[in-house]
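Please look through the sequence and the model shown here before reading on.

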Amino acid sequence: MILDISNVINQANAISHSDGLRLYDYVITNLKGKDFILSFRGVNRVSTAFLNASIGKLFVDGYFDESFIDKTSTKEIILKKIESVISNAKNPDIYNQAVNDAQQFC
């Protein structure tokens, strides 16, 4: 199953921490244990706050790995941000600080 992120957050800009949590909750509620691919098709902008709250949290909680991203439909700049977030998620101290920093701005 391909999940278009823009359909879950109902917009083309994946910016806010709360939208990231909305994606996280959607995946946990509807796709846990199922095969799925996240597509950034139709997404124009992505912030690390959004990615930390969604991709980073899914990764840390064991529900996600890099193979779940539709890389063919994802802009290179977004892929680089995702790689950075996953790299941080592999180091819990850095990840937790990034999440705490993002929450201060939301």
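Leu38 touches Leu3, Ile5, Leu23, Val27, Ile55, Phe64, Phe68, Ile69 and Asp70, leaving out residues up to four places away in sequence, where contact means heavy atoms within 4.5 Å. The model is a predicted one, in which local features need pLDDT of at least 70 and side-chain atom pairs count only at pLDDT 80 or more, while totals for chains, interfaces and linings use all residues. Residues are numbered from 1 along each chain as its sequence is written, and side-chain values use heavy atoms, with hydrogens and water left out.

Together with Phe40 and Phe50, Leu38 is among the residues with the most contacts inside the largest nonpolar core, which has 27 residues; such a core is a set of buried Ala, Val, Leu, Ile, Met, Phe, Trp, Tyr and Cys residues joined through side-chain atoms within 4.5 Å. Two or more residues of this core come from each of α1 (5-9), α2 (17-31), α3 (48-60) and α4 (76-89), helices being DSSP runs of H or I with at least four residues, numbered from the N terminus. The helix that gives the most to this core is α4, with six residues.

Turning to α2, its 15 residues reach 20 Å from the first C-alpha to the last, close to the 21 Å expected at 1.5 Å a residue, the expected span being 1.5 Å times one less than the number of residues. His17, Asp19, Gly20, Leu23, Tyr24, Val27 and Leu31 are the buried residues of α2, and buried means under 20% relative accessible area with a 1.4 Å probe and protein chains only. After α2 comes Gly33, whose phi is positive, near 85°.

How do α2 and α3 lie relative to each other? Their axes come within 6 Å and cross at roughly 25°, each axis being a line fitted to C-alpha atoms over the stretch in contact, with angles from 0 to 180 degrees between N-to-C directions. That makes α2 roughly parallel to α3, a term for angles under 35 degrees. The contact is made by His17, Asp19, Gly20, Leu21, Leu23, Tyr24, Val27 and Ile28 of α2 and by Ala49, Phe50, Ala53, Ser54, Lys57 and Leu58 of α3.

Methods: Buried means under 20% relative accessible area, exposed over 50%, partly exposed in between (1.4 Å probe, protein chains only). Angles under 35 degrees count as roughly parallel, over 145 as roughly antiparallel, 65 to 115 as roughly perpendicular and the rest as oblique.
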